[in-house]
Every structure is written in C-alpha cells, then in structure tokens.
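Dear colleague,

I am passing on the structure below, and I would be glad if you could read the notes that follow beside it.

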Amino acid sequence: MKFFGVLISLIALSFILQEFVPVFYWAYGSRLLLVHAVFFAIAVAVPFPAMLGLALLTGFIWDARYHLPIYPPEAMQGIFTQAELPFGFTILIFGLMGLMIQGVRPLFRLGRWELPVFMIGLCTTLSLLIEYLVISFHRGGLEIPAELCWKLLMTAMFSSLISPFLLLLLNRLADRFRYRIRMKGLKRRYTYDGDAI
Amino acid sequence: MSRLNIVFLIAFAGLLIWITLFQPEAVATIQRGAMVAFRPFIRASSEVEGALGALGSEALSPAQMRRKLAATESARDRLQLEVIQLDELVKENNQLRRALSYKEKSPFELIAARVITRKPSNWYSTLVINKGRLDGVAVDSPVIVPVGDDAGLVGKITEVLGDHAAVVLLLTDEMCQVSAKLVKSQEQGIINGQRGALQRLPNLRLRYLSKEANAPAGTKVMSSGTGELFPANLYLGELISIDSGIIDSEAKVRPGVDFDALVDVFIILPDLAADEELETAEPEAEAIEAPAETKL
C-alpha cells in the first residue's frame, strides 16, 4: 500500500513539474507531457485495477487543471451540450492507453524495457491524436498537415526519452518500499502480483 | 480476464460516465479549486520563465544600463501623462455619449492584465492571465493590446478560472471567430485562426468574402463590429492574398499582434452601467408607448 501512496505522490509531483515544462515552438508547439509519461510508466508497472484507479485520478486532475470549455457550433443549436473535449475525456484516454500498455507489462516484469519505452511514446502520441480527431470531428473536415505529424512525433520522442528514467525510478521506489515489480519468469500467470515480499 | 478485473472495469466505466455528465457549473467549481491548488506553481513557473528570458537577453554595461534606465524613466513619465490625458478624454467621451443617449455601446472600459501561462493546452491557442472574476472579467470579454496607433485584437476570454485568473482564447485559434472587414472596401467576412495552430505564427483565414473581392496585399483588416461581441475597428492584421472560389473568396491574413511576445494585455470590460441604463430605459419606453397603443 505504501508503494501506491508513493505513486500517487509521484503523479502529484509530475503535475507540479508540468507547470514548469515549456512549449517548444521550434518543435511545432510540442512539449514534454510529463504527466502522461509518468502515468504510462506507472501503468506498465502496476496491476490492472490499480492502473484503472490511477487513470481515474490522473485524468480527473488533468481535466480539472487543463480542460477548456470550448463548445462546438452545434452546442449553440442545442444539439450538443458538452464541450468539444468533454470534462472527463482524459480519464477515458488514460484508461484506454493504460489498457494497451498493460499488454507489455509481462515484458517489463522480465526486465525488458525496449517495448515499454516505445509504448510510452506511442501512447502519448495516440492520446494527442485521439483528442485532435475528436476536435476535427466536431469542427468537420479532417486536416492532417505535416506540422501535425511533426508535433505528434516530437511529443512521442520527448516521452520516450524520459521514460527509461521514469521506469528506473519506479524500480528503485519498488525496491525501497518492498513492492515486487520484476519477476524472473511468469510462473503465476493467473494470480495477482505486486504483493509485498 | 478475471472476475475482479471485470468488476473494476465496470466501476471505472460507471465513474467515467458520471464524471462526463457533470454540469458546467460543477466543472467550473472543480476547475476553480484546481486553480487555487496550482496557483503557487503557476506563479513560480511564470517567474522562472521570466528569469530565463532575462538570462537570454543581451548583457549590458553599467553605462548602457544607466542610459537605458534614463530613457525608460523618461518614456514612462511621458506615457503616464498621456494616460492621464487619455483617461480624461475617455471620461469626457463617456459623458458626451451618455448625454446624447447613444444606443450603441459606451467606449471601452479597460483593465490591464499580465500573461502568467502561455499555451497551457495542447490543441487550443490560449493564454492564462492574472485577472479574473473579482476584477470584473467575464466570459467573451475581448482582449486587446496596443499595436501602433490601433488596438490590436488578441482574443476573447473563454473561461474565468478564479478570482484572479482567466483563459484567453487567441485569435490564432480556429474557434475564435471575429467579423472582419477590409479597410477602404465594402468587403466583410469572418476571420479565424487555424486548427491546432501548429505553426509559430499561423496566418489567419478571412472567409466568406464576395467572389469579386479584391484588395492589394498589406491592406489592413479590422473588426467590423457586426457580431456585437467584438467592438468595431480593432486591428486584426494585414492582407497577404485573396483566393477566389466558386461562390466566395478566402483571404490569408498576417496577424497584427505578435502573440509570442505578449506580456501585458488589456481586457475590455462589459459596460454594466450602460447595460443597466438600457435595461431601465427599455421598460420606461414601453410604458410610454403602451398608452399610445391603447389610444390607437
């Protein structure tokens, strides 16, 4: 339980640090999405129910801080009452991406980090792409300019670059708080893991 | 998937649906709370950004700094005098307009605000400023900045985050739409930014011009005031080119405001006194007109 308390503190810290992360205009307005990277790194290290709980918490705080009530034109006609990206949408995104990233958890538990690192970058990009597609759906006309592709690529790169450090930090924290992430071989495939040693 | 996982998944979906059904008022309350919690960090990040920006600027010798200080002080004194004179003019103008019972909106009542966060959102071109509900800022209030002799339109308030914080949706965003006109021409249209505003200084799109629209590059584009949200004659940008279509024409416009360099902006406050006067005047007028109708 202590470890999960530490994870929640880590997410809170990532929100604070996110405030200090600048937008890189030279990289088509992309930035390091630290909160996303931290959540996806945690999602690869914890069991499914814990991932869902943390997706709920992280997505809720993200929307509380960054959600913008921009309404589509249809809202004026009373067809939609929700903003383009409704409050809570990030929770759904985190849940879906967390679900995907859980697929590479066995590799991470074996000590293989290549695919998890790639997946953290990919999931960050997919999160942004889904948001962009939803906005495009509301506004009509799908525009995919080259700048958009560069922005998504750069964001993925920033996330992938920082993710090994995050995974290392998680391993260290797990050791410190006696939580078992890594195991040699997946012998107990159908039982819950993460129990205290 | 185990039974316990399914239970957690259902609980997650239920909570997610419940949260997405929150009313806008509840969302606003949550966001105000978040803003209060994050305010110290937002302020600190703004200070860090300012300090880093200052580090990057060219280092000056003490003599240069003294000269610069003297020039700045002189400019400040001159501007203070101008502000006092302008305040007097605005007051006089207000009085004259009220005296003439103009039905149009009163001249601007402005408050200055400082940018505290740039582009906090991934897909919307926005800024966060340090003025909010207690300062009289309301949703849809236009935000301007001086550009030469004109007032350049920055955008509009899209969300009041708290007592001293509000979000400005910039003109470069696709969702900030302003009725605009080409100066020295009868051409009018709707101007807006680009989706995602992925470029550093994205051009604006002036749409719904007539098919025959024609104007030289460099023509000023100003707000027309048609939509009533934005006052007329706010400077929006300069015409780059016009592309004629089958039904209408679309123009590319270079923004008049340097959105990256924004530090201080002005918010046009809603003129509550004039609104109240209008509201009270209308029933009186109806009361006067009513007997006349009964006579007829």
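**Domains of chain B**

The C-alpha centres of domain 1 of chain B and domain 2 of chain B lie 24 Å apart, where the bounds come from an automatic or database domain assignment that gives domain 1 as 12-56 and domain 2 as 108-270. Please keep in mind that this is a predicted model, in which local features need pLDDT of at least 70 and side-chain atom pairs count only at pLDDT 80 or more, while totals for chains, interfaces and linings use all residues. Residues are numbered from 1 along each chain as its sequence is written, and chains are lettered from A and ligands numbered from 1 in the order in which they are written.

Between the two domains of chain B, 7 residues of domain 1 are in contact with 5 residues of domain 2, two residues being in contact if their C-beta atoms, placed from the backbone, lie within 7 Å. The side of domain 1 that touches domain 2 has 3 nonpolar, 2 polar and 2 charged residues; here Ala, Val, Leu, Ile, Met, Phe, Trp, Tyr, Cys and Pro count as nonpolar, Asp, Glu, Lys and Arg as charged, and the others, Gly among them, as polar.

**Chain A and its side towards chain B**

Chain A has 8 helices and 0 strands, with helices (H or I, at least four residues) and strands (E, at least two) taken as DSSP runs numbered from the N terminus. Of the 197 residues in chain A, 41% are buried; a residue is buried if 20 or more other C-beta atoms lie within 10 Å of its own, exposed if 12 or fewer, and partly exposed in between, with C-beta atoms placed from the backbone. Among contacts in chain A between residues at least 6 apart in sequence, those joining residues at least 24 apart make up 72%.

Where the chains meet, 36 residues of chain A are in contact with 39 residues of chain B. Helices H3 (48-66), H5 (89-101), H7 (114-139) and H8 (146-176) of chain A each supply at least two residues of the side of chain A that touches chain B, and H3(A) gives the most to that side, with 8 residues. By class, the side of chain A that touches chain B has 25 nonpolar, 4 polar and 7 charged residues.

H5(A) has 13 residues and reaches 18 Å from its first C-alpha to its last, close to the 18 Å expected at 1.5 Å a residue, the expected span being 1.5 Å times one less than the number of residues. Its buried residues include Phe89(A), Phe94(A), Met97(A) and Ile101(A), and the buried residues of H5(A) pack against H2 (34-43), H3 and H7 of chain A together with H1 (3-20) of chain B.

**The nonpolar core**

The largest nonpolar core has 110 residues, and those with the most contacts inside it are Phe40(A), Ala41(A), Ile42(A), Val154(B), Val168(B) and Leu236(B); such a core is a set of buried Ala, Val, Leu, Ile, Met, Phe, Trp, Tyr and Cys residues joined through C-beta atoms within 7 Å. Domain 1 and domain 2 of chain B both give residues to this core, so it lies between them. Leaving aside its neighbours within four places in sequence, Phe40(A) is in contact with Met97(A), Ile101(A), Ile120(A), Cys123(A) and Thr124(A).

**Strands and loops of chain B**

Strand E11 (residues 249-255) of chain B runs antiparallel to strand E8 (residues 204-209) of chain B, to which 4 bridges join it; two strands pair if DSSP finds at least two bridges between them. The partner of Leu204(B) in E11(B) is Val253(B). Strand E10 (residues 235-244) of chain B also pairs with E11(B) in the antiparallel sense, over 7 bridges, and a hairpin joins E10(B) to E11(B) through 4 residues.

Gly196(B), in the loop between E7 (188-192) and E8 of chain B, is buried, with 25 other C-beta atoms within 10 Å. Beyond its neighbours within four places in sequence, Gly196(B) is in contact with Tyr132(A), Leu148(A) and Trp123(B). Gly148(B), in the loop between E3 (142-147) and E4 (150-162) of chain B, counts as exposed because it has 8 C-beta neighbours inside 10 Å.

Most residues other than glycine have a negative phi. Asp140(B), however, has a positive phi near 80°, and Asn233(B) has a positive phi of about 65°.

With best regards
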